[in-house]
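Consider the structure below together with its sequence.

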Amino acid sequence: MVEIKDRCIWITGASSGIGKALAQHLCSQGNFVIVSGRDHHSLQQMVLAASGRMCALPMDLSVPDDELGPYAGRLQELTDYLDMVICCAGVCEYEDKLTFDPAMYRRVFEVNFLGVIKSLHLAMPLLKKSTREPRVVAVGSLSSAVPFPRAEAYGASKAALEYFMKSLQTDSVKIPLRATLVRPGFVATAMTSKNDFSMPFLMSPDEAAKIIVEGISQGRAQIDFPRRLSWPLRFFGVFFGLWRRWVAPKVTRITPDVWVKTL
Ligand SMILES: NC(=O)c1ccc[n+]([C@@H]2O[C@H](COP(=O)([O-])OP(=O)(O)OC[C@H]3O[C@@H](n4cnc5c(N)ncnc54)[C@H](OP(=O)(O)O)[C@@H]3O)[C@@H](O)[C@H]2O)c1
């Protein structure tokens with residue numbers, strides 16, 4: 001176990017929730033942290049509280065590729081190198097009526113999947129200048145372990161991210177780059193505050209951040225938590241037929257009524 005200290009770390013999605021807790025935790029451990037998100041005010045408040053060990057890079061990850069240039073310039077003004085990038089930015093929208101609105105799918109994939117690709121595109125030249133083993137961390141979700149109801153868009157974006165990270169792990173076996181996929185269960189943040197269903201083993205962002213930092217310190221390729229939730233979900237991921245037969249009828253909201261009404 002290697003303590004994460006004296007590193008330069010860039011965190012996206014750091015203006016609230018899990019990303020914010022990660023930024024505060026890593027900063028208090030003696031790292032220099034660059035925090036990103038769209039909410040300037042929240043980022044500024046964090047920077048003020050961090051007495052010089054944090055700086056802000058406000059950015060919208062849903063901008064078109066040809067608008068990324070200024071972000072690259074600003075990032076390079078803030079640091080000459082990066083030891084770690086934590087891609088935590090994410091959005092959640094549900095598929096309530098099986099209308100398959102392409103705009104909604106595009107919004108979700110733009111941040112949850114392409115947002116990670118854009119961040120890595122910006123970070124890679126600086127990660128290559130790290131004098132340690134540079135690390136890429138991406139926050140996925142346990143929704144890619146087994147398909148959740150209404151998560152056709154959100155879960156698919158996280159499943160795409162999971163595949164991407166595993167592919168990156170395959171391609172980095174001969175180079176110093178390390179990649180970690182994080183799959184949280186339910187964490188009490190702005191994202192989950194809109195949920196109107198029971199969220200088993202809900203935890204605080206601080207608890208989640210501690211588990212993630214510990215997993216990164218241990219050099220883990222995948223961090224699933226909490227175990228009480230991840231183990232049963234992984235079981236059903238392997239035996240998906242059982243999930244479809246036993247669990248799906250209890251959790252889906254798509255009844256024959258909804259089906260007829262949305263015709
Ligand atoms: N909470 C959970 O139970 C849970 C479970 C599994 C996985 N996750 C994942 O954990 C990550 C963090 O989520 P959270 O729960 O902490 O939610 P959150 O509090 O809503 O945080 C989401 C973060 O993403 C940023 N973001 C959203 N859209 C963005 C955009 N277009 N450009 C740049 N940044 C953007 C937000 O910043 P601005 O609004 O300032 O842009 C915010 O900092 C997400 O990837 C989420 O999918 C969460």
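Two strands pair if DSSP finds at least two bridges between them. Helices (H or I, at least four residues) and strands (E, at least two) are DSSP runs, numbered from the N terminus. This is a predicted model, in which local features need pLDDT of at least 70, side-chain atom pairs count only at pLDDT 80 or more, and totals for chains, interfaces and linings use all residues. Residues are numbered from 1 along each chain as its sequence is written, and side-chain values use heavy atoms, with hydrogens and water left out.

Strand β1 (residues 8-12) pairs with β4 in the parallel sense over 4 bridges, and W10 stands opposite V85 in β4. Strand β5 (residues 135-139) also pairs with β4 in the parallel sense, over 4 bridges; here C87 stands opposite A138 in β5.

In a regular strand the side chains alternate between the two faces of the sheet. Both faces of β4 (residues 84-87) are covered: M84 and I86 on one side are buried, as are V85 and C87 on the other. Buried means under 20% relative accessible area, exposed over 50%, and partly exposed in between (1.4 Å probe, protein chains only).

Most residues other than glycine have a negative phi, and most peptide bonds are trans. D6, in the segment before β1, has a positive phi near 55° and is partly exposed, at a relative accessible area of 49%. F201 lies in the loop between β6 (178-184) and α7 (205-217); its phi is positive, near 60°, and F201 is partly exposed at 36% relative accessible area. The peptide bond joining F225 and P226 is cis, with omega about -10°, and P226 lies in the loop between β7 (222-225) and α8 (227-238).
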